[in-house]
Every structure is written in structure tokens, then in C-alpha cells.
Amino acid sequence: KLQAPEERQFDGQWAETIGPMLHGKLRYFSGLEIARIFGFPVASVGSDGWSFSFPPDCTMKQQWKLLGNSINVHVAAKLCEVA
């Protein structure tokens, strides 16, 4: 069930609660993982054609900022159809 924000309660000790379950495997998404989630054509090893990539000197924080200002291309296409 989806709860309204004002109904949500979070345990202040969430890291200690889920930590043993994750065994230290909690990490941030990489820029390319976020790009995949947002629908950018990220090339796999050995694939052909156009693909999305970041410049080699772009930090992970810069990648997050750049992608944070983007929108999924499929969502944008649907918005254009409706508008």
C-alpha cells in the first residue's frame, strides 16, 4: 500500500536494521546505471550503434547532477503526444 508522506514513519536506526541483511553491499548507483534507468541507450560490451557515455573526466557527482536534470525519453515522447 502506498502511504501519503505525512503517514510515513522511518526508523532512525535504519542502517543498523538493514545492515546485517545487506552484508555491506549497499552502494550508490553509477552514472551509467542511472542513465539505463532513465532510458538512455547505454552500450553493452560488443554492441554496435549509438550509445550514451560521459567524458572520462566527469566525476560521479557531476554525472548524478547531469542526469538529475533529465527526463526519461519515453516519458518525454508520451508528453509530446498528449500536448
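The model is predicted, so local features need pLDDT of at least 70 and side-chain atom pairs count only at pLDDT 80 or more, while totals for chains, interfaces and linings use all residues. Residues are numbered from 1 along each chain as its sequence is written, and side-chain values use heavy atoms, with hydrogens and water left out.

Start with the overall layout. The protein chain has four helices and zero strands. From the N terminus on, the order of elements is α-α-α-α. Helices (H or I, at least four residues) and strands (E, at least two) are DSSP runs, numbered from the N terminus. Buried residues make up 12% of the 83 residues. Buried means under 20% relative accessible area, exposed means over 50%, and partly exposed lies in between (1.4 Å probe, protein chains only). Contacts here are heavy atoms within 4.5 Å. Among contacts between residues at least 6 apart in sequence, 46% join residues at least 24 apart.

Now go inside. The largest nonpolar core has eight residues: Ile-34, Ala-35, Phe-40, Val-42, Phe-52, Phe-54, Cys-58 and Leu-67. Such a core is a set of buried Ala, Val, Leu, Ile, Met, Phe, Trp, Tyr and Cys residues joined through side-chain atoms within 4.5 Å. Take Val-42 from this set. Not counting residues up to four places away in sequence, Val-42 touches Leu-32, Ala-35, Arg-36, Ser-51 and Phe-52.

Cys-58 is also a core member. Its relative accessible area is 14%, so Cys-58 counts as buried. Cys-80 is exposed, at 61%. How many disulfides does a search of the whole structure find? The search finds zero. A disulfide would need a pair of cysteine sulfur atoms within 2.5 Å.

Helix H3 spans residues 60-68, and Met-60 lies in it. Gln-63 is in helix H3 too. With a relative accessible area of 13%, Gln-63 is buried. Leaving aside neighbours within four places in sequence, Gln-63 contacts Gly-31, Leu-32, Phe-54 and Cys-58. Gln-62, also in helix H3, is partly exposed at 39%. Gln-62 and Gly-31 are 31 residues apart in sequence, with their C-alpha atoms 8.7 Å apart.

The protein chain exposes about 7,400 Å², and carbon and sulfur atoms supply 61% of it. Accessible areas come from the Shrake-Rupley method with a 1.4 Å probe; for residues, only the protein chains shown count as cover. Tyr-28, Met-60 and Trp-64 make a nonpolar patch of about 350 Å². Patches are made of residues with over 30% relative accessible area and no salt bridge; like charges are joined within 9 Å, and nonpolar side chains (Val, Leu, Ile, Met, Phe, Trp, Tyr) within 5 Å. Met-60 is partly exposed, because its relative accessibility is 39%.

Which residue forms a salt bridge with Lys-78? Glu-81 does, with the closest N and O atoms 3.7 Å apart. The rule asks for a side-chain nitrogen of Lys or Arg within 4 Å of a carboxyl oxygen of Asp or Glu. By this rule, the count is one salt bridge. Glu-81 and Lys-78 are three residues apart in helix H4 (residues 73-82), so about one helical turn separates them. Both are exposed.

His-74 is found in helix H4 as well. At 55% relative accessible area, His-74 is exposed. Its C-alpha atom is separated by 7.2 Å from that of Gly-39, 35 residues apart along the chain.
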